[in-house]
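Try each task before you read its solution.

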Amino acid sequence: VEMNVNLNNKKFVNAKNTCNGEVSHETIFNYYQVGERIEATYSGGSITNGHLLGFMTSEKTFTMAYHHINEMNELRIGECNTEIEIQANGKIKLIENWQWRNGDCSTGESILVEM
């Protein structure tokens, strides 16, 4: 089944994160998509402002790089592979496997849900 999901102008909120992540339920993501290319801005909670840039790798996966400034004025950088799921209510869920590229370079998993 072809999904043809488009993330353009969709808003997401974090539903779940591992403890080494800085994104929280207060963090809001604004996604934009043109063709295969994806961008988003995010802020809220301990994140003052962030940006991500990526591209679709299949009909339901994309890869991205992200960076943000937290409330302690640290620049955090990472990479992420995301799987797109459609929930029973028709809203999109993003399952993210990420890794910091600075600091402790640890890995984690987050879930974002469409608002």
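**Exercise 1: a glutamate and its partners**

With which side chain does the side chain of Glu-22 make a polar contact at 2.7 Å? Keep in mind that you're looking at a predicted model. Then work out where Glu-22 sits and whether it is buried or exposed.

*Solution.* 
- Step 1: The partner is His-68, whose side chain makes the 2.7 Å polar contact with the side chain of Glu-22.
- Step 2: Look for another polar partner. The side chain of Arg-76 also makes a polar contact with the Glu-22 side chain, at 3.1 Å.
- Step 3: Glu-22 is in the loop between β1 (10-17) and β2 (28-34).
- Step 4: Check its accessibility. Buried means under 20% relative accessible area. Glu-22 comes out at 15%, so it counts as buried.
- Step 5: List the surroundings. Setting aside neighbours within four places in sequence, Glu-22 has contacts that include Asn-17, Ser-46, Ile-47 and Trp-100. His-68 and Arg-76 are on that contact list too, along with Asn-70 and Glu-74.

**Exercise 2: following β6 to its two partners**

Take strand β6 (residues 75-86) and describe how it pairs with β5 and with β7.

*Solution.* 
- Step 1: Go to β5 (residues 61-70). This strand runs antiparallel to β6, and 9 bridges join the two.
- Step 2: Inspect the turn. The hairpin of β5 and β6 has 4 residues between the strands, and Asn-73 takes a positive phi near 65° there.
- Step 3: Now try β7 (residues 92-100). Here, too, 9 bridges join β6 to an antiparallel strand. Asn-81 has Asn-97 as its bridge partner in β7.
- Step 4: Inspect this turn as well. There are 5 residues between the strands in the hairpin of β6 and β7, where Gly-90 has a positive phi near 85°.
- Step 5: While you're tracing strands, keep one rule in hand: in a regular strand, side chains alternate between the two faces of the sheet.

**Exercise 3: positive phi without glycine**

Look up Asn-9 and Cys-105. What is the phi of each, and how accessible are they?

*Solution.* 
- Step 1: Asn-9 isn't a glycine, yet its phi is positive, at about 60°. You'll find Asn-9 in the segment before β1.
- Step 2: Exposed means over 50% relative accessible area. At 59%, Asn-9 is therefore exposed.
- Step 3: Cys-105 is another non-glycine with a positive phi, about 55°. Cys-105 lies in the loop between β7 and β8 (107-114).
- Step 4: With 35% relative accessibility, Cys-105 counts as partly exposed.

**Exercise 4: zooming out**

How many helices and strands does the chain have, and how compact is it?

*Solution.* 
- Step 1: Count the elements: 0 helices and 8 strands. Along the sequence, the pattern reads β-β-β-β-β-β-β-β.
- Step 2: Compare the radius of gyration with the globule rule. The chain has 13 Å, close to the 13 Å given for 115 residues, so it is as compact as a globular protein of that length.
- Step 3: The C-alpha trace spans about 45 × 25 × 20 Å along its principal axes.
- Step 4: Finish with burial and surface. Of the 115 residues, 39% count as buried. The accessible surface is about 6,400 Å², with 51% of it belonging to carbon and sulfur atoms.

Terms used
Residues numbered from 1 in each chain as written. Predicted model: local features only at pLDDT ≥ 70, side-chain atom pairs only at ≥ 80, totals over all residues. Heavy atoms only, no water. Pairing = 2+ DSSP bridges. Buried < 20%, exposed > 50% of the residue type's maximum accessible area, 1.4 Å probe, protein only. Polar contact = N/O pair within 3.5 Å; in protein donor to acceptor, adjacent residues only side chain to side chain. Contact = heavy atoms within 4.5 Å. Rg over C-alpha atoms; globule rule 2.2 N^0.38 Å. Areas by Shrake-Rupley, 256 points an atom, 1.4 Å probe, with all protein chains shown as cover.
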